[in-house]
Amino acid sequence: MPSAVTILIGPKGSGKSSRLAAWAAGRSDVGGVLQRVGGQGRYLIAIGSDVAVPLETRDAHEASVAVGRFQFRRAAFDWANAQLAELATNREIATVILDEIGPLELEGGGIAPGARAVLGAAPAQVLMLVRDGLADAVARAFAPQARVIPAEGWPQAAQVASTSP
């Protein structure tokens, strides 16, 4: 288990991913996968690279998984899990960001395999982005000792929590 697992919570569209993207920019000791929304829909990016992989599909012939009203590409999740598995063996990475852990991951899909690989490799810090209302379920499923912090208070709240008696 990593030395610190933090679940960052917030409502949909509250800036969780944007906050972490800005924090990670230019840092060589941070890796992971971020989910972003742009003009062409949702996509995944590998932190520290310019690689963006479309997550949504409208192609009825492409292997996909339904999540609410969206059809997400299985190939995108395969790519993200491969990125995370590679990070699990990279000892130069101190912090891994997992965006986002939701109902699909709680069922073992999405980026759950990559998340489990990272958590099993024990980097110094893992940051899991989670929507409000799922923190307890995500902690039970992935990291029972995780601390839960509202994303809008991070990283200041994390620093205060780590220095509290």
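Q: Which residues of β7 point one way, and which point the other way?
A: In this predicted model, the residues of β7 are buried on both of its sides. Val-96 and Leu-98 point one way from the strand. The other way point Thr-95, Ile-97 and Asp-99.

Q: How many residues of β7 are buried, and what follows for the strand?
A: A residue counts as buried when its relative accessible area is under 20%. In β7 this holds for five of the five residues, so the strand is largely enclosed by the rest of the structure. The number of buried residues in β7 is five.

Q: Which strands does β7 pair with in parallel, and through how many bridges?
A: Strands of a sheet pair through backbone hydrogen bonds, either parallel or antiparallel. The strand β7 runs parallel to β2, joined by four bridges. It also runs parallel to β8, joined by five bridges. The partners are therefore β2, with four bridges, and β8, with five, given that at least two bridges make a pair.

Q: What is the strand order of the open sheet, and which are its edge strands?
A: The sheet has seven strands with mixed pairing, in the order β4-β3-β2-β7-β8-β1-β9. An edge strand pairs on one side only. Those strands are β4 (52-54) and β9 (147-150).

Q: By how many degrees are neighbouring strands of this sheet turned against each other on average?
A: The average is taken over neighbouring strands of the sheet, with direction ignored. The value is 25 degrees.

Q: How many bridges join β2 to β3, and which residue of β3 is the partner of Gln-35?
A: Strand β2 covers residues 30-38 and strand β3 residues 41-46, and the two run antiparallel. Six bridges join them. The bridge partner of Gln-35 in β3 is Leu-44.

Q: Which strands does helix α2 lie across, and at what angle to β2 does it run?
A: Helix α2 spans residues 74-88. The strands it lies across are β2, β3, β4 and β7. Its angle to β2 is about 160 degrees.

Q: Which strands does helix α5 touch?
A: Helix α5 (residues 135-142) packs on the sheet. Its direction makes about 140 degrees with that of β8. The strands touched are β1, β8 and β9.

Q: Which residues of α2 are buried?
A: An α-helix has 3.6 residues a turn, so residues three or four places apart point the same way. The buried residues of α2 are Ala-76, Phe-77, Trp-79, Ala-80, Asn-81, Leu-84, Leu-87 and Ala-88.

Q: Which residues form the cluster of ring pairs?
A: Phe-70 and Phe-72 are stacked, with 5.7 Å centre to centre and 5 degrees between the planes. Phe-72 and Phe-77 are edge-to-face, at 6.1 Å and 80 degrees. The cluster linked by ring pairs is made of Phe-70, Phe-72 and Phe-77.

Q: Are Phe-70 and Phe-72 buried or exposed?
A: The cut-off for buried is a relative accessible area under 20%. Phe-70 has 14% and Phe-72 has 6%. Because these values fall under the cut-off, both residues count as buried.

Q: Over which rings do Arg-42 and Arg-116 lie?
A: Arg-42 lies at 4.2 Å from the centre of one ring. The charged end of Arg-116 is 4.3 Å from the centre of another. For Arg-42 the ring is that of Phe-70, and for Arg-116 that of Phe-142.

Q: Is Lys-12 buried or exposed, and which residues does it touch?
A: Lys-12 is in the loop between β1 and α1. Its relative accessible area is 52%, so it is exposed. Not counting residues up to four places away in sequence, Lys-12 touches Arg-42 and Arg-131.

Q: Which peptide bond is cis?
A: Glu-100 is found in the loop between β7 and α3. The cis bond has omega near -5 degrees and runs from Asp-99 to Glu-100.

Methods
Residues are numbered from 1 along each chain as its sequence is written. This is a predicted model: local features need pLDDT of at least 70, side-chain atom pairs count only at pLDDT 80 or more; totals for chains, interfaces and linings use all residues. Side-chain values use heavy atoms; hydrogens and water are left out. Axes are lines fitted to C-alpha atoms, for helices over the stretch in contact, and angles run from 0 to 180 degrees between N-to-C directions. Contact means heavy atoms within 4.5 Å. Rings of Phe, Tyr and Trp (its six-membered ring) pair if their centres lie within 6.5 Å; planes under 30 degrees apart count as stacked, over 60 as edge-to-face and the rest as tilted. Buried means under 20% relative accessible area, exposed over 50%, partly exposed in between (1.4 Å probe, protein chains only). A charge sits over a ring if NZ of Lys or CZ of Arg is within 6 Å of the ring centre and within 35 degrees of the ring normal.
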